[in-house]
Amino acid sequence: MAKITAAEVNKLRKATGAGMMDCKNALVEAEGDFDKAIEVLRKKGQKVAAKRADRDSSEGAAVSKLNADQTVGVAIVLGCETDFVGKNENFLALANQIAEIALNYDSKEALLDADFGGMTVAEKLIEQTGVIGEKLEITAFEKLEAPYVGTYVHINKIAALVGLSSRVDSAEVLGKDLSMQVASMGATTLSYKDFDPEFVAAETEARIAVIEKDNEELGRLGKTLKNVPQYISMAQLTDEVMAQAQEDAKAQLKAEGKPEQIWDKILPGKIERFVSDNTTLDQEQCLLDQNFIKDEKINVAKYVESHGDVHVTGFKRATVG
(Lines give C-alpha, C1' and ligand atoms only; values in the text may rest on other atoms or scores of the structure.)
Protein backbone atom coordinates (compact mmCIF):
# COMPACT_ATOMS: atom_id res chain seq x y z
CA MET A 1 0.00 0.00 0.00
CA ALA A 2 1.34 3.42 -1.01
CA LYS A 3 2.27 5.75 1.83
CA ILE A 4 -0.06 8.73 1.90
CA THR A 5 1.41 11.98 3.22
CA ALA A 6 -0.44 14.82 4.92
CA ALA A 7 0.67 17.14 2.10
CA GLU A 8 -1.00 14.89 -0.50
CA VAL A 9 -4.21 14.75 1.53
CA ASN A 10 -4.21 18.53 1.89
CA LYS A 11 -3.60 19.01 -1.85
CA LEU A 12 -6.60 16.81 -2.70
CA ARG A 13 -8.72 18.58 -0.10
CA LYS A 14 -7.95 21.98 -1.62
CA ALA A 15 -8.70 20.69 -5.12
CA THR A 16 -12.05 19.09 -4.26
CA GLY A 17 -13.29 20.60 -0.98
CA ALA A 18 -13.76 17.08 0.43
CA GLY A 19 -13.08 16.27 4.06
CA MET A 20 -9.66 15.12 5.27
CA MET A 21 -10.71 11.51 5.86
CA ASP A 22 -12.55 11.30 2.54
CA CYS A 23 -9.42 12.56 0.78
CA LYS A 24 -7.15 10.14 2.63
CA ASN A 25 -9.43 7.18 1.88
CA ALA A 26 -9.64 8.20 -1.79
CA LEU A 27 -5.84 8.39 -2.04
CA VAL A 28 -5.49 5.01 -0.34
CA GLU A 29 -8.00 3.48 -2.77
CA ALA A 30 -6.15 5.12 -5.69
CA GLU A 31 -2.78 3.92 -4.33
CA GLY A 32 -1.50 7.48 -4.13
CA ASP A 33 -2.48 8.49 -7.67
CA PHE A 34 -3.87 12.05 -7.40
CA ASP A 35 -6.01 11.97 -10.58
CA LYS A 36 -7.45 8.56 -9.71
CA ALA A 37 -8.27 9.86 -6.21
CA ILE A 38 -10.29 12.70 -7.73
CA GLU A 39 -12.15 10.13 -9.83
CA VAL A 40 -12.86 8.08 -6.69
CA LEU A 41 -14.41 11.15 -5.06
CA ARG A 42 -16.44 11.89 -8.21
CA LYS A 43 -17.86 8.36 -8.25
CA LYS A 44 -18.76 8.73 -4.59
CA GLY A 45 -20.57 11.95 -5.51
CA GLN A 46 -22.49 10.17 -8.28
CA LYS A 47 -23.66 7.49 -5.87
CA VAL A 48 -24.78 10.04 -3.28
CA ALA A 49 -26.45 12.14 -5.99
CA ALA A 50 -28.38 9.11 -7.27
CA LYS A 51 -29.62 8.31 -3.76
CA ARG A 52 -30.72 11.90 -3.15
CA ALA A 53 -32.17 12.67 -6.59
CA ASP A 54 -35.73 12.85 -5.25
CA ARG A 55 -34.81 15.18 -2.38
CA ASP A 56 -36.07 18.77 -2.32
CA SER A 57 -33.30 21.38 -2.72
CA SER A 58 -35.43 24.25 -1.42
CA GLU A 59 -32.67 25.86 0.65
CA GLY A 60 -29.44 27.34 -0.66
CA ALA A 61 -27.82 30.63 -1.56
CA ALA A 62 -28.75 33.39 -4.01
CA VAL A 63 -25.79 35.30 -5.44
CA SER A 64 -25.19 37.81 -8.22
CA LYS A 65 -22.23 38.87 -10.34
CA LEU A 66 -21.57 41.77 -12.71
CA ASN A 67 -18.99 41.96 -15.46
CA ALA A 68 -16.16 44.50 -15.22
CA ASP A 69 -17.98 47.39 -16.90
CA GLN A 70 -21.32 46.56 -15.23
CA THR A 71 -23.23 46.02 -18.45
CA VAL A 72 -24.02 42.34 -17.83
CA GLY A 73 -25.33 40.78 -14.64
CA VAL A 74 -26.34 37.29 -13.54
CA ALA A 75 -28.29 36.12 -10.52
CA ILE A 76 -28.35 32.44 -9.63
CA VAL A 77 -29.50 30.24 -6.79
CA LEU A 78 -27.40 27.25 -5.81
CA GLY A 79 -29.88 24.99 -4.10
CA CYS A 80 -29.27 22.49 -1.31
CA GLU A 81 -31.41 20.62 1.21
CA THR A 82 -30.77 22.46 4.48
CA ASP A 83 -30.30 26.03 5.63
CA PHE A 84 -27.20 24.92 7.55
CA VAL A 85 -25.39 23.97 4.35
CA GLY A 86 -26.76 27.05 2.57
CA LYS A 87 -24.89 29.29 5.02
CA ASN A 88 -21.64 27.31 4.90
CA GLU A 89 -18.61 29.34 3.79
CA ASN A 90 -17.41 26.74 1.27
CA PHE A 91 -20.92 26.39 -0.17
CA LEU A 92 -21.18 30.17 -0.64
CA ALA A 93 -17.75 30.21 -2.28
CA LEU A 94 -18.92 27.52 -4.72
CA ALA A 95 -22.08 29.52 -5.52
CA ASN A 96 -19.99 32.60 -6.27
CA GLN A 97 -17.58 30.63 -8.46
CA ILE A 98 -20.48 29.28 -10.49
CA ALA A 99 -22.01 32.77 -10.79
CA GLU A 100 -18.70 34.08 -12.13
CA ILE A 101 -18.78 31.39 -14.83
CA ALA A 102 -22.46 32.14 -15.52
CA LEU A 103 -21.60 35.63 -16.79
CA ASN A 104 -20.42 34.00 -20.02
CA TYR A 105 -23.59 31.97 -20.67
CA ASP A 106 -27.21 32.73 -21.53
CA SER A 107 -29.05 29.79 -19.97
CA LYS A 108 -28.91 27.34 -17.10
CA GLU A 109 -28.38 24.48 -19.53
CA ALA A 110 -25.35 26.18 -21.10
CA LEU A 111 -23.98 26.97 -17.65
CA LEU A 112 -24.25 23.33 -16.52
CA ASP A 113 -22.22 22.28 -19.59
CA ALA A 114 -19.57 24.95 -18.96
CA ASP A 115 -16.04 24.11 -17.84
CA PHE A 116 -15.24 24.15 -14.14
CA GLY A 117 -11.59 23.28 -13.64
CA GLY A 118 -11.50 20.36 -16.04
CA MET A 119 -15.03 19.12 -15.45
CA THR A 120 -18.44 20.56 -16.25
CA VAL A 121 -20.42 22.60 -13.74
CA ALA A 122 -22.93 19.74 -13.62
CA GLU A 123 -20.15 17.30 -12.75
CA LYS A 124 -18.85 19.71 -10.11
CA LEU A 125 -22.27 19.74 -8.47
CA ILE A 126 -22.32 15.94 -8.42
CA GLU A 127 -18.81 15.87 -6.96
CA GLN A 128 -19.80 18.33 -4.25
CA THR A 129 -22.97 16.37 -3.52
CA GLY A 130 -20.66 13.55 -2.48
CA VAL A 131 -18.54 15.94 -0.41
CA ILE A 132 -21.42 17.71 1.32
CA GLY A 133 -23.91 14.85 1.43
CA GLU A 134 -26.85 16.90 0.12
CA LYS A 135 -28.46 17.28 -3.28
CA LEU A 136 -27.06 20.36 -5.05
CA GLU A 137 -28.55 22.00 -8.13
CA ILE A 138 -28.93 25.36 -9.85
CA THR A 139 -32.54 26.22 -9.02
CA ALA A 140 -32.60 29.70 -10.58
CA PHE A 141 -30.69 31.42 -13.38
CA GLU A 142 -31.34 35.00 -14.50
CA LYS A 143 -29.29 37.22 -16.79
CA LEU A 144 -29.65 40.89 -17.68
CA GLU A 145 -27.81 43.15 -20.12
CA ALA A 146 -28.12 46.96 -20.24
CA PRO A 147 -25.97 50.10 -20.58
CA TYR A 148 -25.69 49.85 -16.79
CA VAL A 149 -26.68 46.98 -14.48
CA GLY A 150 -27.11 47.35 -10.72
CA THR A 151 -27.52 44.56 -8.20
CA TYR A 152 -28.43 43.78 -4.61
CA VAL A 153 -28.38 40.52 -2.65
CA HIS A 154 -30.48 40.16 0.48
CA ILE A 155 -28.81 37.81 3.02
CA ASN A 156 -28.11 35.32 0.21
CA LYS A 157 -31.83 34.55 -0.05
CA ILE A 158 -32.79 36.94 -2.86
CA ALA A 159 -30.57 38.29 -5.64
CA ALA A 160 -31.88 41.12 -7.83
CA LEU A 161 -30.65 42.85 -10.99
CA VAL A 162 -31.88 46.11 -12.55
CA GLY A 163 -30.94 47.51 -15.96
CA LEU A 164 -30.65 51.26 -16.61
CA SER A 165 -30.77 53.00 -19.99
CA SER A 166 -27.65 55.10 -19.33
CA ARG A 167 -24.74 55.42 -16.95
CA VAL A 168 -25.78 58.64 -15.21
CA ASP A 169 -23.59 60.03 -12.45
CA SER A 170 -25.83 58.48 -9.80
CA ALA A 171 -26.20 55.12 -11.61
CA GLU A 172 -24.55 53.15 -8.80
CA VAL A 173 -26.94 54.50 -6.15
CA LEU A 174 -29.98 54.26 -8.41
CA GLY A 175 -29.12 50.72 -9.53
CA LYS A 176 -28.68 49.49 -5.97
CA ASP A 177 -31.82 51.23 -4.67
CA LEU A 178 -33.95 49.78 -7.45
CA SER A 179 -32.44 46.33 -6.95
CA MET A 180 -33.34 46.58 -3.26
CA GLN A 181 -36.88 47.51 -4.33
CA VAL A 182 -37.08 44.43 -6.57
CA ALA A 183 -35.72 42.18 -3.84
CA SER A 184 -38.02 43.61 -1.18
CA MET A 185 -41.31 44.08 -3.03
CA GLY A 186 -41.21 41.31 -5.62
CA ALA A 187 -42.55 43.11 -8.69
CA THR A 188 -43.47 40.84 -11.59
CA THR A 189 -43.44 43.39 -14.40
CA LEU A 190 -42.12 46.87 -15.15
CA SER A 191 -45.34 48.78 -15.83
CA TYR A 192 -49.11 48.35 -15.94
CA LYS A 193 -48.75 48.77 -19.71
CA ASP A 194 -47.29 45.25 -19.79
CA PHE A 195 -50.47 43.62 -18.44
CA ASP A 196 -52.68 41.50 -20.68
CA PRO A 197 -56.26 42.92 -20.62
CA GLU A 198 -57.74 39.46 -19.98
CA PHE A 199 -55.48 39.02 -16.96
CA VAL A 200 -56.54 42.39 -15.53
CA ALA A 201 -60.23 41.61 -16.07
CA ALA A 202 -59.96 38.19 -14.41
CA GLU A 203 -57.93 39.59 -11.52
CA THR A 204 -60.46 42.40 -10.99
CA GLU A 205 -63.32 39.94 -10.77
CA ALA A 206 -61.42 37.69 -8.36
CA ARG A 207 -60.36 40.54 -6.06
CA ILE A 208 -63.83 42.04 -5.89
CA ALA A 209 -65.25 38.61 -5.03
CA VAL A 210 -62.78 38.21 -2.17
CA ILE A 211 -63.54 41.68 -0.74
CA GLU A 212 -67.29 41.14 -0.99
CA LYS A 213 -66.96 37.84 0.86
CA ASP A 214 -64.85 39.52 3.55
CA ASN A 215 -67.48 42.26 3.86
CA GLU A 216 -70.19 39.68 4.53
CA GLU A 217 -68.27 38.55 7.60
CA LEU A 218 -67.37 42.10 8.64
CA GLY A 219 -71.04 43.11 8.33
CA ARG A 220 -72.09 40.15 10.45
CA LEU A 221 -69.65 41.28 13.14
CA GLY A 222 -70.76 44.90 12.91
CA LYS A 223 -67.34 46.08 11.73
CA THR A 224 -66.39 48.66 9.09
CA LEU A 225 -66.66 47.25 5.59
CA LYS A 226 -63.76 47.29 3.14
CA ASN A 227 -63.92 49.55 0.10
CA VAL A 228 -64.88 47.58 -3.02
CA PRO A 229 -62.87 49.06 -5.91
CA GLN A 230 -64.31 49.41 -9.40
CA TYR A 231 -60.89 48.93 -10.94
CA ILE A 232 -57.44 47.64 -9.96
CA SER A 233 -55.08 49.01 -12.63
CA MET A 234 -54.26 52.19 -14.52
CA ALA A 235 -54.86 50.08 -17.62
CA GLN A 236 -58.58 50.37 -16.79
CA LEU A 237 -58.62 54.09 -15.97
CA THR A 238 -59.52 55.47 -19.39
CA ASP A 239 -60.18 59.15 -20.09
CA GLU A 240 -63.90 58.43 -19.73
CA VAL A 241 -63.40 56.76 -16.36
CA MET A 242 -61.29 59.65 -15.08
CA ALA A 243 -63.81 62.21 -16.34
CA GLN A 244 -66.58 60.38 -14.49
CA ALA A 245 -64.46 60.24 -11.33
CA GLN A 246 -64.03 64.01 -11.59
CA GLU A 247 -67.79 64.53 -11.92
CA ASP A 248 -68.51 62.15 -9.03
CA ALA A 249 -66.04 64.05 -6.83
CA LYS A 250 -67.70 67.38 -7.71
CA ALA A 251 -71.15 65.93 -6.93
CA GLN A 252 -69.86 64.78 -3.55
CA LEU A 253 -68.45 68.21 -2.74
CA LYS A 254 -71.71 69.82 -3.73
CA ALA A 255 -73.69 67.39 -1.55
CA GLU A 256 -71.39 68.21 1.36
CA GLY A 257 -72.07 71.92 0.87
CA LYS A 258 -68.47 72.82 0.07
CA PRO A 259 -68.16 76.30 -1.57
CA GLU A 260 -67.50 75.90 -5.31
CA GLN A 261 -64.63 78.37 -5.20
CA ILE A 262 -62.52 75.95 -3.12
CA TRP A 263 -63.23 72.84 -5.19
CA ASP A 264 -60.03 73.30 -7.21
CA LYS A 265 -58.03 72.86 -3.99
CA ILE A 266 -59.89 69.71 -2.92
CA LEU A 267 -60.41 67.89 -6.23
CA PRO A 268 -56.74 66.95 -6.91
CA GLY A 269 -56.54 65.09 -3.60
CA LYS A 270 -59.81 63.25 -4.26
CA ILE A 271 -58.69 62.20 -7.74
CA GLU A 272 -55.33 61.10 -6.37
CA ARG A 273 -57.16 58.98 -3.78
CA PHE A 274 -59.43 57.53 -6.50
CA VAL A 275 -56.38 56.49 -8.55
CA SER A 276 -54.68 55.00 -5.48
CA ASP A 277 -57.77 53.02 -4.49
CA ASN A 278 -58.23 51.69 -8.01
CA THR A 279 -54.67 50.68 -8.93
CA THR A 280 -53.88 48.08 -6.25
CA LEU A 281 -52.67 45.55 -8.83
CA ASP A 282 -50.13 48.02 -10.22
CA GLN A 283 -48.90 48.91 -6.74
CA GLU A 284 -48.30 45.24 -5.95
CA GLN A 285 -46.85 43.93 -9.20
CA CYS A 286 -45.48 46.83 -11.29
CA LEU A 287 -42.02 48.05 -10.31
CA LEU A 288 -42.49 51.63 -11.51
CA ASP A 289 -45.91 51.96 -9.84
CA GLN A 290 -44.89 50.65 -6.43
CA ASN A 291 -44.30 53.01 -3.53
CA PHE A 292 -40.56 53.57 -3.23
CA ILE A 293 -39.35 51.67 -0.15
CA LYS A 294 -37.08 54.52 1.00
CA ASP A 295 -39.74 57.23 0.59
CA GLU A 296 -43.34 56.02 0.39
CA LYS A 297 -44.56 59.53 -0.52
CA ILE A 298 -43.41 58.87 -4.09
CA ASN A 299 -43.55 55.90 -6.42
CA VAL A 300 -40.54 54.28 -8.08
CA ALA A 301 -41.15 56.08 -11.39
CA LYS A 302 -40.86 59.48 -9.64
CA TYR A 303 -37.68 58.35 -7.89
CA VAL A 304 -36.13 57.32 -11.21
CA GLU A 305 -37.10 60.70 -12.74
CA SER A 306 -35.21 62.47 -9.95
CA HIS A 307 -31.96 60.99 -11.30
CA GLY A 308 -32.17 62.72 -14.67
CA ASP A 309 -32.18 61.32 -18.19
CA VAL A 310 -32.43 57.61 -17.39
CA HIS A 311 -35.08 54.91 -17.32
CA VAL A 312 -35.35 51.29 -16.25
CA THR A 313 -34.87 48.81 -19.11
CA GLY A 314 -35.66 45.66 -17.13
CA PHE A 315 -35.12 43.67 -13.97
CA LYS A 316 -34.57 40.10 -12.75
CA ARG A 317 -35.01 38.36 -9.41
CA ALA A 318 -33.70 35.00 -8.18
CA THR A 319 -35.05 33.61 -4.92
CA VAL A 320 -34.15 30.67 -2.70
CA GLY A 321 -37.03 28.22 -2.29
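The model is predicted.

The protein chain contains 13 helices and 10 strands. Its radius of gyration is 28 Å. The globule rule gives 20 Å for 321 residues, and the value for this chain is well over that, so the chain is more spread out than a compact globule. Along the principal axes, the C-alpha atoms fill a box of roughly 100 × 55 × 30 Å.

An unreviewed UniProt entry places the feature "domain: Translation elongation factor EFTs/EF1B dimerisation" at two spans, residues 74-211 and residues 229-321. Residues 74-211 are 48% helix and 25% strand. The end C-alpha atoms of that span lie 40 Å apart. Residues 229-321 are 47% helix and 16% strand. Here the end C-alpha atoms are 33 Å apart.

Helix 5 contributes F91, L94, I98 and I101 to the contact. Helix 7 contributes V121, K124, L125, Q128 and I132. By class, the contact of helix 5 with helix 7 has 7 nonpolar residues, 1 polar and 1 charged.

A second pair consists of helix 10 (residues 239-255) and helix 11 (residues 263-277). Their axes are 10 Å apart, and the helices pack at an angle of about 130 degrees. Helix 10 and helix 11 are therefore oblique to each other. The crossing of helix 10 past helix 11 is right-handed. On the helix 10 side, the contact is made by V241, M242, A245, Q246, A249, K250, Q252, L253 and K254. On the helix 11 side, the residues are W263, I266, L267, K270, I271, F274 and V275. The contact of helix 10 with helix 11 divides into 11 nonpolar, 2 polar and 3 charged residues.

Notes
Residues are numbered from 1 along each chain as its sequence is written. This is a predicted model: local features need pLDDT of at least 70, side-chain atom pairs count only at pLDDT 80 or more; totals for chains, interfaces and linings use all residues. Side-chain values use heavy atoms; hydrogens and water are left out. Axes are lines fitted to C-alpha atoms, for helices over the stretch in contact, and angles run from 0 to 180 degrees between N-to-C directions. Helices (H or I, at least four residues) and strands (E, at least two) are DSSP runs, numbered from the N terminus. Angles under 35 degrees count as roughly parallel, over 145 as roughly antiparallel, 65 to 115 as roughly perpendicular and the rest as oblique. A crossing is left-handed if the near helix is turned anticlockwise from the far one by less than a right angle, and right-handed if clockwise. Contact means heavy atoms within 4.5 Å. Ala, Val, Leu, Ile, Met, Phe, Trp, Tyr, Cys and Pro count as nonpolar, Asp, Glu, Lys and Arg as charged, and the others, Gly among them, as polar. UniProt positions are given in the numbering used here, feature names are shortened, and annotations may be inferred rather than shown by experiment. The radius of gyration is taken over C-alpha atoms; the globule rule is 2.2 Å times the number of residues to the power 0.38.
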